[in-house]
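Biologist: I am new to this structure and would like to learn how to read it. Could we go through it together, one feature at a time?

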Amino acid sequence: MTPSLKKIEKRTQYDLVKRTKRENFRLLNQRYARCGQTVLLGDSITEIFNWYELFESFIRETGQAVYNRGISGDTSDRLLERLEINALNIAPRNLVLLIGTNDLGVGAPISFTVGNVEKILRRSRESLPKLNIVLQAVYPVNKHLSRDARYMVGRRENAVIARINAELRPLAAQFNAHWLNLTGPLSDAQGNLSGEYCYDGLHLNARGFEIAAQGIIPLLDR
C-alpha cells in the first residue's frame, strides 16, 4: 500500500458518531428488520433522503419496508466494511447503492472508489445471487452557488465525477445491476448540480430527492 493510500484510509476511519450509526443499524437488522425488503445504502445523501414520503406509494402497493442505511461522511472503503452487517445480513430484495463523493472529498484516486465499488458489487452478488441491485452514478456538485457551497464541495470536481461514473457503469453491467445515472436530470445548463435541486452544492433538497425517487422506484423488484 502506498503512503498516500494509508493517509486516505486514516482519514476515512469512523469517529464515535459513525460507529454508533453503524452499530445501531446492526442492532436494528438483527432484531427488527425483515428479510426481502429494500435497503438504501450510502453516505449523507442517502441518510437525508426523504424516503418515507417519496416511497410511500411503493411501500403501500408492495408491502415492502424501505430501510435507510446511509451514514453521513461514508466512503467506499467503510461502506464495504459494513456491507454485511448493515445490509446483506437481512437478505434484501432490493439494494440501492450511492457512494463515492466523499472519496473525492478526502483526496482518494478514482481507482480507490472503483475498486471498492467492484468489491461491494461482487460480494453482494455472491452472497445474494437474486438480489436486485441499483447502482447510482455519483451525483454532480456545484461550488458556484455560495461561499458555503464552495466549502461543502471542497475538492470535488464534476470532471472527475464523470470519470468515476464512466468506470462504474461497466461494473453495473458486469454484476447484472441496474445503472442509474441522474446527472442529466439533476444538472443545470452548465453541467453543475442545479440550485433548484440542492441547498449547499452537494446535498439534494426534496425536489432533488423527488427526481431520485422517480428514477429509482421503477427499477425496484416488487
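Modeller: Gladly! Let us start with strand β2 (residues 66-70), which is mostly covered, with 5 of its 5 residues buried. Strands are DSSP runs of E with at least two residues, helices are runs of H or I with at least four, and both are numbered from the N terminus. Buried means under 20% relative accessible area, exposed means over 50%, and partly exposed lies in between, using a 1.4 Å probe and protein chains only.

Biologist: What kind of model is this?

Modeller: This is a predicted model, so local features need pLDDT of at least 70 and side-chain atom pairs count only at pLDDT 80 or more, while totals for chains, interfaces and linings use all residues. Residues are numbered from 1 along each chain as its sequence is written, and side-chain values use heavy atoms, leaving out hydrogens and water.

Biologist: Which residues of β2 lie on one side and which on the other?

Modeller: Val66, Asn68 and Gly70 are on one side, Tyr67 and Arg69 are on the other, and all are buried, leaving both faces covered.

Biologist: Which strand pairs with β2, and in what sense?

Modeller: Two strands pair if DSSP finds at least two bridges between them. Here strand β1 (residues 38-42) pairs with β2 in the parallel sense over 5 bridges. Leucine 40 stands opposite asparagine 68 in β2.

Biologist: How do I read a helix?

Modeller: An α-helix has 3.6 residues a turn, so residues three or four places apart point the same way. In helix α2 (residues 16-31), the buried residues are Lys18, Arg22, Phe25 and Asn29. They sit on the same side of α2 because they cover an arc of only 60° around the axis, judged by the directions from the helix axis to the C-beta atoms. On the other side of α2, Leu16, Val17, Gln30 and Arg31 are exposed.

Biologist: What covers the buried residues of α2?

Modeller: The cover includes β2 and α6 (76-86), where contact means heavy atoms within 4.5 Å.

Biologist: Which cysteine is buried and which is exposed?

Modeller: Cysteine 198 is buried because its relative accessible area is 6%, whereas cysteine 35 is exposed, at 51%. A disulfide is a pair of cysteine sulfur atoms within 2.5 Å, and the structure holds 0 disulfides.

Biologist: Where is asparagine 132 found?

Modeller: Asparagine 132 is in strand β4 (residues 132-136). With a relative accessible area of 8%, asparagine 132 is buried.
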